[in-house]
Amino acid sequence: MTKRVRLDELVAEYIKLGRERFAEEYAGMAALHGIGKVKDVSEEEEFEGRTMMVSMVLDSGNPYADTDHDQTDDIETEPGSCTDILWLIENTGRVISLGRNKSAEISIPEYSVSAEHGILQWKSGRGLSIVDSAASNGIWLENEGMRRLPQGEVYYFEGEERLILGRFVFRFLNFESLVMHVAHLAAIKQEARKAARKAGKKSGKKGSGGFFKRFFGG
């Protein structure tokens with residue numbers, strides 16, 4: 001089965017459960033994480049169905065930005081309807097459909113994604129694989145540079161990789177990478193909360209009647 005969740009919801013669950021219980025809850029799962037949407041380019045720059053784009057730009061001010069990955073000259077991302085959405089993929093042998101169709105297990109309602117874009121499947125001893133289902137805009141993989149996955153070729157994901165489906169940029173996370181990524185964001189969120197509480201206490205102590213002035217005026 002697959003489960004569609006928001007990244008902030010998964011981070012909140014990690015904080016609530018703790019690392020050990022969270023790892024037990026999602027044991028063996030992999031994930032497709034929506035990073036953003038590639039920007040439109042001019043007609044002169046368009047080729048291969050507008051899928052190959054220009055430089056990778058990540059929002060360094062966003063705590064959920066991918067700060068662990070070097071910026072490349074392949075993709076430029078901007079917010080989109082799939083940003084910070086994760087599809088959690090359970091480790092079973094079932095075929096998992098991916099495409100624009102509502103009936104697809106991983107459904108991406110976007111015109112640049114084909115109705116039947118690709119197929120995911122776990123293979124024993126090899127991990128999660130993906131195959132292009134004759135998608136118009138193809139499946140592009142960031143593997144030694146960006147390359148389009150040839151139709152019919154079975155590709156097996158490794159630890160953590162980027163791929164493009166239509167106009168959307170995704171990151172594949174295996175189980176270990178998923179837990180590490182969510183744990184990192186949970187730590188950032190908890191530190192931000194501590195800093196906010198400290199700032200609130202300090203501002204409440206400044207001047208006489210700081211608390212009452214802020215809440216009751218005067």
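Which residues of strand E7 lie on its covered face, and which on its uncovered one? The legends below take up this point and others in a predicted model.

View 1. Strand E7 spans residues 118–123. Gly118, Leu120 and Trp122 make up its covered face, whereas Ile119, Gln121 and Lys123 belong to the uncovered one. In a regular strand, side chains alternate between the two faces of the sheet.

**View 2. The open sheet that contains strand E7.** The sheet is built from 5 strands in the order E6-E5-E7-E8-E11, with mixed pairing. Strand E6 (106–107) and strand E11 (155–156) stand at the edges with a single partner strand each, so one side of each has no neighbour in the sheet. Strand E5 (residues 95–99) is paired with E7 in the antiparallel sense over 4 bridges. E7 is also antiparallel to E8, and 6 bridges connect these two strands. Strand E8 (residues 127–132) and E11 run antiparallel and are joined by 2 bridges.

**View 3. Residue pairs across the sheet.** Serine 97 has isoleucine 119 in E7 as its bridge partner. Isoleucine 119 in turn stands opposite valine 131 in E8. Opposite isoleucine 130 is tyrosine 155, a residue of E11.

**View 4. The hairpin of E7 and E8.** The two strands form a hairpin in which 3 residues separate them. Glycine 125, located in the turn, has a positive phi of about 80°.

**View 5. Glycine 159 and alanine 30.** Glycine 159 is placed in the loop between E11 and strand E12 (160–165). Its relative accessibility is 28%, and glycine 159 therefore counts as partly exposed. The C-alpha atoms of glycine 159 and alanine 30 are 9.8 Å apart, although 129 residues separate the two along the chain.

**View 6. The salt bridge of arginine 94 and glutamate 105.** Side chains of opposite charge can pair when their charged atoms come close. A search of the whole structure finds 7 salt bridges. One of them joins the side chains of arginine 94 and glutamate 105, at 2.8 Å from N to O. Arginine 94 lies in the loop between strand E4 (85–89) and E5, and glutamate 105 in the loop between E5 and E6, so the pair ties together parts 11 residues apart in sequence. Both residues count as partly exposed: arginine 94 has 37% relative accessibility, and glutamate 105 has 27%.

**View 7. The salt bridge of glutamate 110 and arginine 167.** The side chains of these residues meet at 2.9 Å, N to O. Because glutamate 110 belongs to the loop between E6 and E7, and arginine 167 to the loop between E12 and strand E13 (168–173), the pair ties together parts that are 57 residues apart in sequence. Glutamate 110 is buried, with a relative accessible area of 9%. Arginine 167 is likewise buried, at 11%.

**View 8. Charged residues of helix H3.** Lysine 194 and glutamate 191 form a salt bridge in which the closest N and O atoms are 3.8 Å apart. Both residues lie in helix H3, separated by 3 residues, or about one turn of the helix. Lysine 194 is partly exposed at 41% relative accessibility, as is glutamate 191 at 48%. Lysine 201 also lies in helix H3 (residues 175–205) and counts as exposed at 58% relative accessibility. Lys201 gathers with Arg193, Arg197, Lys198 and Lys202 in a patch of positive charge on the surface.

Notes:
Residues are numbered from 1 along each chain as its sequence is written. This is a predicted model: local features need pLDDT of at least 70, side-chain atom pairs count only at pLDDT 80 or more; totals for chains, interfaces and linings use all residues. Side-chain values use heavy atoms; hydrogens and water are left out. Patches are made of residues with over 30% relative accessible area and no salt bridge: like charges are joined within 9 Å, nonpolar side chains (Val, Leu, Ile, Met, Phe, Trp, Tyr) within 5 Å. Accessible areas come from the Shrake-Rupley method with a 1.4 Å probe; for residues, only the protein chains shown count as cover. A salt bridge is a side-chain nitrogen of Lys or Arg within 4 Å of a carboxyl oxygen of Asp or Glu. Lys and Arg count as positive and Asp and Glu as negative; His and the chain ends are not counted. The place of a charge is taken as NZ of Lys, CZ of Arg, CG of Asp or CD of Glu. Buried means under 20% relative accessible area, exposed over 50%, partly exposed in between (1.4 Å probe, protein chains only). Two strands pair if DSSP finds at least two bridges between them.
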